Amino acid sequence: MGIFLAGLVLYPILKVFWESTLHNILTRPDEGIYFVGLDNYIKLAQDPTFWHTLGRTIAWTTISVSAKVVAGFIFAMLLADRFAFRRLYLTLLMIPWVTPIVVASVTFRWIYNGDYGDLNYYLQQLHITSSSIAWLGHGVTAFFAAMTIDVWVGVPFMAIALMGGIQGIPEELYEAASMDGAGMWTRLWRITIPQLMPVIFVTTTLSAVWTFNSFQAIWPLTGGGPVNATQTLVVMTYQTAFGAFDMGRGSALATITFAILITFSVIYWRRVRPR
Amino acid sequence: MTKMTKRLVVCAVAVAFVWPAIVSAHGQKESPASASAAQGTTTITYLAPGLSQPSTKREDEAIVTAFEASHPTIKVKLVGVAWNNAYTKVVNEVEAGNAQDVIYMGAREVPAFVGMRGLMDLDQFGIGQKMNQYREGVRDLTKYRGKYYAIPYSLSTKALIYRTDLIKNPPKTWNQIVSVAQEVMAKHPGVYGYAMSGAKHVSTTSQYFNFLFQAGGRVFDSNGNVAIDSPAGIKALTFYADLYRKYHLTPNPIQYNREQLPQLFKAGKIAMFVDGPWVKGALGVPPDNKQVPYAAAALPSEKAGVHSATILVADAVGLYAKTAHPKAAWTFLDWMTSFKQQTTHDAQGMVPMQIREESLPQFNNSAYFTTYVGMVKYGVPQPHATAWEPFQNIIVNAVQRAITGDATPAEALAHAAQQIRQQKLNPGA
């Protein structure tokens, strides 16, 4: 097991870190490949675009994961009970999860179209807006439009995982609480959510990592634009490593992403883990 | 010994037994090359992007079959790759030292591959005389720092596509673009007068560069220094952004790349847009159709009395710098870009590449196509950024900043010029 872990996990991480200490632009071999220490990190720290992108990525992850947890929890509560056509609803819920994100993004691109998209059509039919909005034509709306796709794809996983957790809560706890006069909200806050914490902990950790690294919801939809409004760290890493072929700086970005996620996971695990 | 350790040992033993067989099989796979060498034939490889598309596959296979028939000592093996992965594949293969002998690429990628020492200097084959068959703008597409590293193979110019039932006289100047589009919108509510690209896509650079060249500007000056933030550059970007921001003649451009504009046109939503000769195929209807009849017109000039300009974009074919078969690879490249073969290729719907082709009847039998042919002489080659992708990103960001109003055109271009210099993307860097 140790050999596998070293080969499949540790080696790539160390390799990327080593690359991040080099000046290595594949399309500029005339500049040579040489050791620069932490220079790639220093240059990133001095680049305002990097800090804007980092802030945007944190906002993207926080808002998206929160939306997935809330929506997933609502669906989980609704679907945890037995009722007619429950399996049908469960199947429908899974559709976003099994849809390739690239396909979803391309479809949503037309839905969001400011002039001929379905979203504007329905909003105007319902008299919610009076004029068309170019959802992908402005920074803020493009950011939330891309996030909506990420949430749309991520909710089923959250709902199914939380539903499993809800169904695992002993019925006796609710019966005892009811006999003590606990209402719906009290049962929710005092029984359901505390009992679900281990599941919420695991799902939010996983979801945060996936969302932080979300690429397919953004790239086919906006390519990181307009300007850099939907550029997250993973998009910036891709553009740097595979657009500019600056492997040194791209590796530095990848290392920073890894460091952020591992730090987040450890802190989150220590604070939230059930004791 | 634990269960896991036992499994690992079994796996290791299995690999030890299977590995020689794999190596042996690999060796056998290579053996035909040796056999062909023994028979006096040379096999070269040809990287042909888009080979999964039936039409491309058909044409490439026909080229190879015809070449092999006339050159029995040379065999050509086609190597396919999806278009959007082609650049990465070449970069990786050059980096690994095992690229294909003959490489089909976008001409804009030539500088990056030259920078990687991945392309052979073709001057050693006495290419100068051959290149005289091309117009200067076309020649310059693959000429980098004074040397030819590839031969242009698929050329496009741009023209204005317009609705003939809505527009009697297509615009000839920038001012007329505005007045004609306004007239269409006044008479036909729901139809935009004009549409253009502003998405993160290569077509946004091309569409802006058309205006830049028409205003007399260039991205780089003759010494390879950044010149995009010149008064002409600012004037062009100001007009480009104004079409949306000031005149409201276009749907929000940031939502669209060039490939999406024909769909809007066919749906009757827009009256004019700029595109290459292939757009007829994308529209799927002939110009004289009843629903959206259209024609192609020369791109408008900046003002009356000044000739127009179009960006010249081409795909090109070059040779891998470390090919083991330079003579055979050159023979293939020279043959496929000969007048006869080039004409056959261009007749598939491309703009004629060589000067002699321009007068051939097959390129002058429709007003639609003649418009594109006529634009060649006003062509300005796509700029030679040392690496295209980061350059494209910088230019598109500048265009988007101007369109969204995040910055004035002057500020957006000044920032872009600074970034190009910083990242050493100008050929003079």
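Helix α8 (residues 202–214) of chain B gives four residues to the lining of the largest cavity, the most of any contributor; helices here are DSSP runs of H or I with at least four residues, numbered from the N terminus. The model is predicted, with pLDDT of at least 70 needed for local features and 80 or more for side-chain atom pairs, whereas totals for chains, interfaces and linings use all residues. Residues are numbered from 1 along each chain as its sequence is written, chains are lettered from A in the order in which they are written, and side-chain values use heavy atoms, leaving out hydrogens and water.

This largest cavity holds about 70 Å³ of space, and the count is three cavities of 30 Å³ or more. A cavity is a set of points on a 1 Å grid over the protein atoms alone where a 1.4 Å probe fits but cannot get out, and lining residues have an atom within 4 Å of a point. Its lining includes B:Y194, B:Q207, B:F211 and B:P300, and divides into seven nonpolar, three polar and no charged residues.

Turning to the interface, chain A brings 30 residues into contact and chain B 34, contact being heavy atoms within 4.5 Å. About 2700 Å² is buried between the two chains, 56% of it from carbon and sulfur atoms; this is accessible area (1.4 Å probe) lost on putting the parts together, summed over both. A:T27, A:Y116 and A:V227 supply 24% of the area that chain A buries against chain B, more than any other three residues. One salt bridge is counted between the chains, joining the side chains of B:K424 and A:E31 at 3.8 Å, N to O (Lys or Arg side-chain nitrogen within 4 Å of an Asp or Glu carboxyl oxygen).

Note on methods:
1 Å grid on protein atoms, 1.4 Å probe; cavity = no way out; pocket = protein on both sides within 12 Å on 5 of 7 lines; lining within 4 Å. Points joined across faces, edges and corners; volume = space filled by probe spheres on them. Helix = DSSP H or I, 4+ residues; strand = E, 2+ residues; numbered from the N terminus. Nonpolar A, V, L, I, M, F, W, Y, C, P; charged D, E, K, R; others polar.
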